[in-house]
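Biologist: I am new to this structure. Please take me through it in short steps.

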Amino acid sequence: MLMTLALFLQSAVGGVLLGGIYGLLAMGLSLSWGLLKLVNLSHFALAFLGAYLTYQFGTVYGVPAYLSVLVIAPLFFALGVALHSVFVRFQVKEFASLLVTFGVTILIESLIQWIWSADFLRYETPYAQTTIRLGPIFVPVLDLSAFVCAGVLAGAAWYALNKTMLGKALRAAAHDAPVASAFGINSARVSYILAGLCSATAGIAGVFIALIGTLAPSQIEAWIGVVFAVAIIGGLGSPIGALGAGMLIGVAESLTMSVVNPAWAPLVAFSVLIVILLQTGDLTMKKLLITAPIVTVLALLPYLGMADYYLSYLYIIFFWVVLATSWGILSGYTGYWSFGHAAFFGIGVYTTATLTTQLSWPFVATIPAAALLAAAIAALIGLVVFRSAALRGEFFALLTLSVTFVVAAIVSNTSLDSGTGVFLSGIEIPMIGVTASGSLYMFGLIAVLASLATSYFIFHSKFGQGLLAIHDDEDVAEVKGVPTFRYKLISFAISSALAGGMGAIHAVYVGYVTVGETFAVTVPLYVVLMSILGGARHWAGPAIGAVIITVLQSAIVSGAHAEFGRAGVALALIVVILVLPSGIVPSLIRRFADRRGGTGAPETAAQAVTQFAPLAAAGSGPVLLKCENVTKSFGGIRALTGVTLDVWRGEILALVGPNGSGKSTLINMISGHYTMTSGTITLEGEEISGRSPHLIAQQGVARTYQIPRLFDNLTVLENVQLCAKFGSADGMGAAVVDAVTREALAFTGLAEKAGVLPAALNLHDRKFVEFARALAAKPRLLLLDEVLCGLNPAEVDHAVEMIKRIKAGGTTIIFVEHLMRAVVALADRVAVLDQGKVLALGHPSETMRNPAVVSVYLGASHAA
């Protein structure tokens, strides 16, 4: 439609005023997330609780809104402090806080429904219809008041953070709490103050929501995504940014409602958010014999006369098992937590709804179509998202949540749904289960078996071990040879395909699909809870969690207080995250393993003498690695300036120099951890600079880290085994991998600790696990980054002898070290770096006496 100038101005003003409410709501979230590193999703629920309290004070007790603020602000300050004390008590981190407060949100919503019901309420005041006229523009007084309040609070917050001692203390504690504490800042106290103030702003926002809008508990979830988008767009920790972003989104939504259709308005915030975010083993016979009877009994139930009610009940369990298991394949295995699982489930639902009702496809044919479409859309999203290292953790979760809202908006405003829903009651179902309910039960059983089998085989495969490594430390997994980008993409596609296929079946089961039910925020809430409860990192964990929650939810809903069903689920989510973070299945496995005294440690070899000869055939040239004019800049700082260096085959080359001279940076450049600014690095004449780290690892380059970076949720055995599996281009067979892993553990003296998790190891053992992981890949070139740092003299001597034995096996070694006696004992040549350049290169005794080296590094001549 065409827009007149008056309509444009009215829409723009309305959008700016709406942005004031958005900014007021987002301000507390932005400060909590940016400065406390806690994502308080319950911020919006608190605001609506404040709105309902304002309504109660005004309509029941006759208290004016401006006096309600004097009660609500202190009350919510106390609530914020109390919630923060829970976070501190249980050491809740950033992403866990998102999940905990998700549960708090549902609890508050249920409380509001219990006290005030789910009906729409309106707080009528004398100023509700009062406006100020500015030419053709009408400015509502209450909206203007909210905007002014938001501006005042944003300005005051900015001034307090930047101009007062308390604000500077807050920013210092947010940047580095231990350092701030060392300088006398009481980090705990200032964090409690900020948490209270953030919640108080939510209460103040609630007062204006009560005055301006119509209240309903269902609106809480509708506001969550928009205000999240505002907080991120405005910049975390920036109150002025929150207000500015709120105005931007408000104007965009207002103009969209005026020009296109009001239903498309929610799409705006999430589209802007997405754009901004993008910028920035074998089945053994024993297991088969256990599984087959259970599957047989389940398959026979429809034919044994079981009532349709019970078949439908079991179908619902199957439904949640499939969704939770499919979620676990991506989020449980890789750690990329998705809050957008409802989007891919919904794609499956509406694919079947559209193909069956509009194109007359048979129901069965729509199931693979739904799975393929969901997988294809997930792959397209992954192709963009997984290339950005910034989109991990909570940012990936928010991105996928935004995708859900975008897909829902598209479906709702097109012929796929048109906002009225789709009836599928007349769809013909293949009778594979005696009755219609029995047939749908059988389809659900097939789906659940397919999901569990897929998750099982992934978990026990090389692919699955790579995914679990990504979960623990993605950067290290890539350096150890795991193709992280490809693995994440495949995992995302498989997870979405299973969800889409289940959506296709469920569409026919419910018979009438709507956008509100299909894309409800409760879908990811339940799925996350089920997976966490059972144990998201284990193939069976999400399924067990789904069964438990579904049964409990059914029992609660069928009881006398059905309205507490969702509240019970939310409370369970909070308890599980705080008390049982690893889930039921991993906890039981760990307990039984402890009773057995370990998990399958390989036999210890007495003084193993196996030499880890390079897997790749040695070339004929004397130079293995050549660095030519290697330069690396970090912004305006040059860490390396034109480093040219040849590494001879079979030698030990030591890199020494003052702190900050570029030693570790050069190691990171060779391993591909950093991309170089300019120059080339070749390995036996083949350029490796610019390649992905996993490809460099598969060319025979392995490395250790100065501070051990082990995969914390994998045992010592699994840590070493993973590097044997991924560390070569051709790969090793299962028998070879097992043998090499045993040899590496025996060689480093870790065989008896094979079943131990890294958290139980001391520094010496953790360093030697780094050794074992690198050796298991049988590298041509081994990069050691200060492996002796932190070891006592006896441990240093042990490590030196081990390095000599590694060299004797034919492996070329570059090592960074400050301990001069180790350098002299090991190095064939020494390269001294200073300010990113090679200062001297030669035999240790000669190099250490070089006057230039003495002046910048040693301070006195060091005789060999």
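Biologist: In which loop does Q91 lie?

Modeller: This is a predicted model. Q91 comes after helix α3. The loop that holds Q91 is the one between α3 and α4 (94-116).

Biologist: What is the phi of Q91?

Modeller: Q91 is not a glycine. Even so, its phi is positive. The value is about 55°.

Biologist: Is Q91 buried or exposed?

Modeller: Exposed means over 50% relative accessible area. Q91 has 64% relative accessibility, so Q91 counts as exposed.

Biologist: How far apart are the end C-alpha atoms of helix α3?

Modeller: Helix α3 covers residues 65-89, which is 25 residues. At 1.5 Å a residue, the helix should span 36 Å. The model agrees with that: the end C-alpha atoms are 35 Å apart.

Biologist: Which residues of α3 are buried?

Modeller: An α-helix has 3.6 residues a turn, so residues three or four places apart point the same way. With that in mind, read the buried set of α3. The buried residues are A65, S68, I72, A73, F76, G80, L83, H84 and F87.

Biologist: How many residues of helix α14 are buried?

Modeller: Helix α14 runs over residues 341-357. It reaches 24 Å from its first C-alpha to its last, close to the 24 Å expected at 1.5 Å a residue. The helix is mostly covered, and its buried residues number 16 of 17.

Biologist: Now the whole chain. What share of the residues counts as buried?

Modeller: The chain has 34 helices and 16 strands. It exposes about 34800 Å², with 65% of that supplied by carbon and sulfur atoms. Of its 864 residues, the share that counts as buried is 54%.

Biologist: At roughly what angle do the axes of α13 and α22 cross?

Modeller: Two packed helices are described by the angle between their axes and the distance between the axes. Helix α13 spans residues 308-334 and helix α22 spans residues 522-534. Their axes come within 9 Å and cross at roughly 75°. That makes α13, relative to α22, roughly perpendicular.

Biologist: Which residues make that contact, and how many of them are nonpolar?

Modeller: From α13 come W320, L323, A324 and W327. From α22 come V523, Y526, V527, V528, M530 and S531. No charged residues take part, and 1 is polar. The nonpolar residues number 9.

Biologist: Are α30 and α31 roughly parallel or roughly antiparallel?

Modeller: Helix α30 holds residues 763-776, and helix α31 holds residues 793-808. Their axes come within 12 Å and cross at roughly 5°. Angles under 35 degrees count as roughly parallel. The two helices are therefore roughly parallel.

Biologist: How many charged residues does the contact of α30 with α31 have?

Modeller: On the α30 side are H764, F768, F771 and L775. They meet E795, H798, A799, M802, I803 and I806 of α31. By class, 7 residues are nonpolar and 2 are polar. The charged count is 1.

Biologist: Which residues is G246 in contact with, leaving aside neighbours within four places in sequence?

Modeller: G246 sits in helix α10 (residues 239-259). At 0% relative accessibility, G246 counts as buried. Its contacts are G19, Y22, G23 and V230.

Biologist: What distance separates the C-alpha atoms of T214 and R122?

Modeller: T214 is in strand β4 (residues 214-215). Beyond residues up to four places away in sequence, T214 touches F120, L121, R122 and Q219. T214 and R122 are 92 residues apart along the chain. Their C-alpha atoms are separated by 5.0 Å.

How values were computed:
Residues are numbered from 1 along each chain as its sequence is written. This is a predicted model: local features need pLDDT of at least 70, side-chain atom pairs count only at pLDDT 80 or more; totals for chains, interfaces and linings use all residues. Side-chain values use heavy atoms; hydrogens and water are left out. Helices (H or I, at least four residues) and strands (E, at least two) are DSSP runs, numbered from the N terminus. The expected span of a helix is 1.5 Å times one less than its number of residues. Buried means under 20% relative accessible area, exposed over 50%, partly exposed in between (1.4 Å probe, protein chains only). Accessible areas come from the Shrake-Rupley method with a 1.4 Å probe; for residues, only the protein chains shown count as cover. Axes are lines fitted to C-alpha atoms, for helices over the stretch in contact, and angles run from 0 to 180 degrees between N-to-C directions. Angles under 35 degrees count as roughly parallel, over 145 as roughly antiparallel, 65 to 115 as roughly perpendicular and the rest as oblique. Contact means heavy atoms within 4.5 Å. Ala, Val, Leu, Ile, Met, Phe, Trp, Tyr, Cys and Pro count as nonpolar, Asp, Glu, Lys and Arg as charged, and the others, Gly among them, as polar.
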